[in-house]
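Hi everyone, thanks for coming.

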Amino acid sequence: MQTAIRYLQAFQHSIWSELTMLYSKYAVTGLLWMSGLALAQPTTHILESVVLPASAIQNAKNAPAPVNGLVHTHLVVLPALEWEKALSSDEATDPTMKIGLAREVAATSTVAKTQQALQWNVLPQGQQVSAINIQSTGAYGLRAGVLVERIPDTAQLRIYSQEHPDAIIERSGAEINALLTLNRNAGEKDVSASTWWTPDVGAGDTTVEIVLPAGTPVDALRIAIPRVSHIYQNLSLPTDAEWAEMTRKGSAKATAASTCEPDITCTEEYQTERNAVARMVYTLADGATSMCTGTLLNNTKADYVPYFLTANHCISTQAEASSLQTNWFYHASRCGSGVPGANVATRTAGATLLHATSMTDSALLKLNEMPPVGVTLAGWDARTPGQEGDAVYGLHHALGNLLEYNQGILSGRFDCHRNGAWFFDCEHNFSSGSFYGVRWSLGDNARGSSGSALFRNGHVIATLQGGGASCTRRPENLDYYGRFDKVFNDRLWQWLANGAV
């Protein structure tokens, strides 16, 4: 007998859903299966995890320093939002964990207005520099949507906040042009094909500073910043010192492991797998910013290419992949501390979308920037399908929080189909369903967990679509994960198992 289950993925914790490597030896062309090349069959269907060594990281960049000279910065201040109206309309359009929304910037909406705003100054070495700072009142973070008509490869765009002007993220014109070429080659249209989203630097303002080499005319640069993504969720956590002060004042809230939201640092299990998981932040074509979870995967060539698995309903276009930021080692410093460890690392260069499918709600990316030394490239198992009663566990960033874990068992196979932005339907298909149902005995998922991997015996076997499981442990409430073996045999083996072990 088939049982149809329809879930509304709402904001509540219990009912929800969610460049080629620039100038590197790891470069491959995205969307390889469209090229018509004849490929060999997969060399294996199961692979173990491996830890990324320092030898795999090449040409590490030094941290950028402020320019040696005066920078004229044009200030743009956006007024406070009408929060209730903005959030109600924004949350209704996306099933993932929405953390930011678009705001129009009239002062820099066109190339002509932006050129007028840029006041250039000549540096001692002959370069020219100018900057625009945009402040969005009430924001916890900000991403500027830089619409590029033309930018010299030799230009440098430097992103920082006024609060932390020394914490600079720098991208060359060549890197930005490479990302936008990826967008266009993948079929992106309109402004999304030509928009570069600046990294979020964790403040309510962002400065876009442009440095042009000596001899480059300023009219060689033609950009506009017609909108920003205003991040209204506070993604930062207190430091140990700040937590100690909060505790002294009585304002700290204990976050020790519980049966509903167990902290990964409160268990000795999953020491290897936990370091394969990253918190994801990405921006959509409409300027909204969302959050999901993804997992780094190993491949049979043992070449440390950073393949990254998440959900199709998180990232399904190249423009979204180009905007990806990842947070690594986003774990509590110690059990129940509520603060991240000192080794948290962020990568902001985006990714190349290799494959995305609604069949299993899966997406495979290749990160454009190597993750930090010590991360795990997780093993996977596409050989043995999951069976009813198999012990499984999940690792995820529920609500964008520090890494949590779940434990449970497989509870059947299902066919699931998304029915609008907020609904999906699942029906039992015991023989060939493309999704596993999971019943948890410890832990729970939430918005932000979408795209996270389901593990069995140290191997990835599925990715999270959504569900209705909750801490009440009602037996009819399951979470649903797209089967890895299905999408592996369909496409993913071409990247993960197209070579000798």
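Let me start with a term we need: two rings of Phe, Tyr or Trp make an aromatic pair if their centres lie within 6.5 Å, and for Trp the six-membered ring is the one used. Planes under 30 degrees apart count as stacked, those over 60 as edge-to-face, and the rest as tilted. With that in hand, a search through the whole structure turns up nine aromatic pairs. Oh, and before I forget, what you're looking at is a predicted model.

One of those pairs is Trp380 with Phe488, with 5.0 Å from centre to centre and 40° between the planes, which makes it tilted. This pair links distant parts of the chain: Trp380 sits in strand 23 and Phe488 in helix 7 (residues 484-496), 108 residues apart. Are these two buried or exposed? Trp380 is buried, at a relative accessible area of 0%, and Phe488 counts as buried at 0% as well.

Phe484 and Phe488 are four residues apart in helix 7, so about one helical turn separates them. Phe484 is buried too, with a relative accessible area of 2%.

There's also a cluster, where ring pairs link Tyr270, Tyr393, Tyr405 and Phe455. Keep Tyr270 in mind, we'll come back to that one.

Okay, zooming out. The chain has seven helices and 30 strands. Of its 501 residues, 56% count as buried. The accessible surface comes to about 19,900 Å², and carbon and sulfur atoms account for 53% of that.

Next up, charges. Side chains of opposite charge can pair when their charged atoms come close. How many salt bridges does the structure hold? Seven. Let me show you a few.

Take Glu369 and Arg171, which form a salt bridge with their closest N and O atoms 3.8 Å apart. Here again distant parts of the chain are linked: Glu369 is in the loop between strand 21 (362-367) and strand 22 (376-377), while Arg171 is in strand 11 (residues 169-172), and the two are 198 residues apart. Glu369 counts as partly exposed at 27% relative accessibility, whereas Arg171, at 11%, counts as buried.

Then we have Arg456 and Asp381, where the closest N and O atoms of the salt bridge are 3.1 Å apart. Arg456 is in strand 28 (residues 453-456) and Asp381 in strand 23 (residues 379-381), so this pair ties together parts that are 75 residues apart in sequence. Arg456 is buried, with a relative accessible area of 8%, and Asp381 counts as buried at 8% relative accessibility.

Asp485 and Arg483 also meet in a salt bridge, at 2.7 Å from N to O. Why do we call both of them buried? The cut-off for buried is under 20% relative accessible area, and Asp485 has 7% while Arg483 has 4%. Salt bridges can share partners too: that's how Arg158, Glu170 and Glu209 end up joined into one network.

A charge can also meet a ring. The charged end of Arg279 sits over the ring of Tyr330, 4.1 Å from the centre of that ring.

Now, back to Tyr270, as promised. Tyr270 isn't a glycine, yet it has a positive phi of about 60°. You'll find Tyr270 in the loop between helix 5 (240-249) and strand 15 (277-283), and it counts as buried at 11% relative accessibility. Phe329 is another non-glycine residue with a positive phi, near 55°. Phe329 lies in the loop between strand 18 and strand 19, and at 9% relative accessibility it counts as buried.

Last stop: His331. This residue is in the loop between strand 18 (325-328) and strand 19 (345-347). His331 is buried, with a relative accessible area of 10%. What does His331 touch? Leaving out residues up to four places away in sequence, its contacts are Ile264, Thr265, Arg274, Asn275, Val339, Pro340, Gly341, Leu402 and Leu403. For Arg274 there's a polar detail as well: its backbone oxygen lies 3.5 Å from a polar atom of the His331 side chain.

Notes:
Residues are numbered from 1 along each chain as its sequence is written. This is a predicted model: local features need pLDDT of at least 70, side-chain atom pairs count only at pLDDT 80 or more; totals for chains, interfaces and linings use all residues. Side-chain values use heavy atoms; hydrogens and water are left out. Buried means under 20% relative accessible area, exposed over 50%, partly exposed in between (1.4 Å probe, protein chains only). A polar contact is a pair of N or O atoms within 3.5 Å; within protein, one must be able to donate a hydrogen and the other to accept it, and residues adjacent in sequence count only if both atoms are side-chain atoms. Contact means heavy atoms within 4.5 Å. Accessible areas come from the Shrake-Rupley method with a 1.4 Å probe; for residues, only the protein chains shown count as cover. A salt bridge is a side-chain nitrogen of Lys or Arg within 4 Å of a carboxyl oxygen of Asp or Glu. A charge sits over a ring if NZ of Lys or CZ of Arg is within 6 Å of the ring centre and within 35 degrees of the ring normal.
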